[in-house]
Amino acid sequence: MRKCIKCGLDETYTGITFDEKGVCNYCNFYEKHKFELNDEVALELKFQEKIEKAKEKAKKNNAKYDCLVGFSGGKDSTYIIYQLMKKYKVRVLAFTFDNGFSTQYGKDNIKNALAKLDVDHITFSMNDEILRKQYSMCVKMMKNFCSVCFHNMHYYSYLFAHQNNIPMIVNGRTIGQILQCADSTDRIEPFETSKNLKDFEHQMFRGLEERTEKMGKIEYLKDINDIEAVSYFAYHKISEEETMRFLEEKIGWKRPEGVSGHADCFAHSMAEYMSIQKYGYPVRKGELAVLVRKGELTIEEAENILKKDWENFKEVSEETKEKFYNRIGV
Ligand SMILES: [Zn+2]
């Protein structure tokens, strides 16, 4: 099977092409923009400018908050709220989507973080029948359901921010998630930020959002065009391990035991299982390749992590399946 000589991604990966030297389009994009993507001083300044602009706008509009942050209780969102409040003196509203998939571990971390951070917090839920329909439709059509949470989380973030004059939404997408399919700077941070929901979702759906809108399947809040979506980790370099250590020390955050990542969502193993069924590889494949490009992992290390994910998720228990399908109502 054909493989990129730089990052190890193979020909089965979404949207991949190779040049005559055997280097993939994602590596060539990264190489071209390497300096800009790793200039930590310039990125920090860029981030600070965005923060100051949001503060001014919030003040002018008499808003109670400078920014809204989607808060899952996981390490990334907790870390972002901590830094925005303590380091950047931002007035934060934490915003949690109760999707019915949260684990006790996630709930305990949310409770602890809220008590320690002294941050205002709203949990919202939506009509469960509609939500279940969305999940089951996406599972049937695309063997995927994370996109439903992603869309609803940001749909209601934009709506709520708009209604309350909040000028900025900060999210915890990792640099791996942001760059995993980046082969142009179009709507990709840190090059370009989005001011509306549809542009923001482009980085996740890469064109699918246009088609679903045309089909009338998804509504994109067309009249809301002035709220900037900012991915904190597009401007700040920190490893997962450093984030966890920081939070353990500062607020007594608890790291997940066993399988790494996404311990706050009981459906995560189903998401991995479906990815393997549909694409033949685990969810993190593209994200890990970004770390290889950045020189933070070798190809072998990334392959070993993926192999473990593959072993962990190539099968899921009947119990997990039953719990999942009960939740989404298929
Ligand atoms: Zn590559």
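Display the whole chain as a cartoon: this predicted model contains 14 helices and 5 strands. Along the principal axes, the C-alpha atoms occupy a box of roughly 60 × 50 × 45 Å. The radius of gyration is 20 Å, in agreement with the value near 20 Å that a compact globule of 330 residues would have. Colouring by burial marks 37% of the 330 residues as buried.

Select the 5 strands next. They make up an open sheet with parallel pairing, in the order E3-E2-E1-E4-E5. At its edges are strand E3 (120-124) and strand E5 (228-231), each of which pairs on one side only. On average, neighbouring strands of this sheet are turned by 25° against each other, direction ignored.

Zoom in on strand E1 (residues 67-70) and strand E2 (residues 92-97), which are joined in the parallel sense over 4 bridges. Within this pair, Gly70 stands opposite Phe95 in E2.

Show the side chains of E1. In a regular strand the side chains alternate between the two faces of the sheet. Here Cys67 and Val69 point one way, Leu68 and Gly70 point the other way, and all are buried. Which residues does Leu68 contact, leaving aside its neighbours within four places in sequence? They are Leu93, Phe95, Ser157, Phe160, Ala161, Ile166 and Ile169.

**Helix H3**

H3 is mostly covered, with 9 of its 12 residues buried. To see them, select Lys75, Asp76, Ser77, Thr78, Tyr79, Ile80, Ile81, Tyr82 and Leu84. Their cover includes E1, E2 and E4, together with helix H4 (104-117) and helix H10 (240-251).

**The nonpolar cores**

In soluble globular proteins, nonpolar side chains tend to be buried together. The largest nonpolar core of this chain has 59 residues. Select Cys67, Leu68, Val69, Ile81, Val92, Ile166 and Val170, the members that touch the most other members. Apart from that core lies another, of 16 residues, including Phe101, Tyr135, Met274 and Phe313.

**Helix H11**

Move to helix H11 (residues 268-279). Its 12 residues reach 16 Å from the first C-alpha to the last, close to the 16 Å expected at 1.5 Å a residue. The buried residues of H11 are Met270, Ala271, Glu272, Tyr273, Met274, Ser275 and Ile276. Met274 also belongs to the core of 16 residues.

What do the buried residues of H11 pack against? Display helix H6 (146-163), helix H13 (299-313) and helix H14 (318-328) to see their partners. After H11 comes Gly280, with a positive phi near 90°.

**Backbone details in the loops**

Begin between H3 and E2, the loop in which Lys89 is found. This residue is not a glycine, yet the phi of Lys89 is positive, near 50°. Is Lys89 buried or exposed? With 10 other C-beta atoms within 10 Å, Lys89 is exposed.

Continue to the loop between helix H5 (128-142) and H6, where Lys143 lies. Lys143 has a positive phi of about 50° although it is not a glycine. Lys143 has 16 C-beta neighbours inside 10 Å and therefore counts as partly exposed.

Finish at the loop between helix H7 (175-179) and helix H8 (197-205), which holds Pro190. Select Glu189 together with Pro190: the peptide bond joining them is cis, with omega at about 5°.

How values were computed:
Residues are numbered from 1 along each chain as its sequence is written. This is a predicted model: local features need pLDDT of at least 70, side-chain atom pairs count only at pLDDT 80 or more; totals for chains, interfaces and linings use all residues. Two strands pair if DSSP finds at least two bridges between them. Helices (H or I, at least four residues) and strands (E, at least two) are DSSP runs, numbered from the N terminus. Axes are lines fitted to C-alpha atoms, for helices over the stretch in contact, and angles run from 0 to 180 degrees between N-to-C directions. A nonpolar core is a set of buried Ala, Val, Leu, Ile, Met, Phe, Trp, Tyr and Cys residues joined through C-beta atoms within 7 Å. A residue is buried if 20 or more other C-beta atoms lie within 10 Å of its own, exposed if 12 or fewer, and partly exposed in between; C-beta atoms are placed from the backbone. Two residues are in contact if their C-beta atoms, placed from the backbone, lie within 7 Å. The expected span of a helix is 1.5 Å times one less than its number of residues. The radius of gyration is taken over C-alpha atoms; the globule rule is 2.2 Å times the number of residues to the power 0.38.
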